[in-house]
Amino acid sequence: MKSLDSKDKLILEILQKEGRISVAELATRLNMSDTPCLRRIKKLEQGGYIDGYSARLSAQALQLNVVVYAFIRLTENSDRYADQFEQAISQLEQILECSVITGSHDYLLKIVAHDLLEYERFVKRKLGSLKCIASIESTVVLKQTFSRHQLPVD
């Protein structure tokens, strides 16, 4: 897909905030008919601008009260160890994000847990059991002031 026009950008902005909006309502807001609006949405999906649709759950309601950022250093800086690590942690649902980073660590993980004891057990039983990990350095979030889920479209 080529560059986005103003209607495409508006569609993306609205869908990010209101993923359950009907095509009819979206078309009305954009002052267009349903069929062309749906065609634009399909093109945005096919163009890779829209990854998918999902519900955003409340960590608080699920009593996931602890957020931890864990800095990981691998025992060896190799493709084999990186692949092994990435495959293993992709199976752990407590890990929300995994990023390859620069500096003195290899990865940054965002992890949720019900409490610090659960996080400690997770580190000892899950992360700590991975032989490819040389060190884990954890930083506990005391308070999250805000979290954005919408990406800037411009």
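Reader: What is the relative accessible area of Ser138?
Author: Ser138 counts as partly exposed, which is the class between buried (under 20% relative accessible area) and exposed (over 50%), with a 1.4 Å probe and protein chains only. The model is predicted, so local features need pLDDT of at least 70 and side-chain atom pairs pLDDT 80 or more, while totals for chains, interfaces and linings use all residues. Residues are numbered from 1 along each chain as its sequence is written, and side-chain values use heavy atoms, without hydrogens and water. For Ser138 the relative accessible area is 35%.

Reader: Thanks! In which strand does Ser138 lie?
Author: Helices (H or I, at least four residues) and strands (E, at least two) are DSSP runs, numbered from the N terminus. Ser138 belongs to strand S4.

Reader: With which residues is Ser138 in contact, leaving aside its neighbours within four places in sequence?
Author: Contact here means heavy atoms within 4.5 Å. Pro36 is 102 residues from Ser138 in sequence and 49 Å from it in space, C-alpha to C-alpha. The contacts of Ser138 beyond those sequence neighbours are Val68, Tyr69, Ala70 and Tyr119.

Reader: How long is the polar contact between the side chains of Ser138 and Tyr119?
Author: A polar contact pairs N or O atoms within 3.5 Å; within protein, one must be able to donate a hydrogen and the other to accept it, and residues adjacent in sequence count only if both atoms are side-chain atoms. For the side chains of Ser138 and Tyr119, the distance is 2.6 Å.

Reader: How are the rings of Phe85 and Tyr107 arranged?
Author: Rings of Phe, Tyr and Trp (its six-membered ring) pair if their centres lie within 6.5 Å, with planes under 30 degrees apart counted as stacked, over 60 as edge-to-face and the rest as tilted. The count comes to one aromatic pair. The ring centres of Phe85 and Tyr107 are 4.5 Å apart and the planes stand at 45°, so the pair is tilted.

Reader: How far apart in sequence are the parts that this pair ties together?
Author: Both Phe85 and Tyr107 are buried. Phe85 sits in helix H4 and Tyr107 in strand S3, so the parts tied together are separated in sequence by 22 residues.

Reader: Which residue caps the N-terminal end of H1?
Author: Within H1, Asp8, Ile11, Leu12, Ile14 and Leu15 are buried. Their cover includes helix H2 (23–29) and helix H3 (34–46). At the N-terminal end, a side-chain oxygen lies 3.1 Å from the backbone nitrogen of Lys7, and the capping residue is Asp5.

Reader: One for the loops: what phi does Asn31 have?
Author: Asn31 lies in the loop between H2 and H3 and, at 71% relative accessibility, counts as exposed. Most residues other than glycine have a negative phi. Asn31 is not a glycine, yet its phi is positive, at about 60°.

Reader: Where is Gln63 found?
Author: Gln63 is not a glycine either, and has a positive phi of about 60°. At 53% relative accessibility it counts as exposed. Gln63 is found in the loop between H3 and S1.
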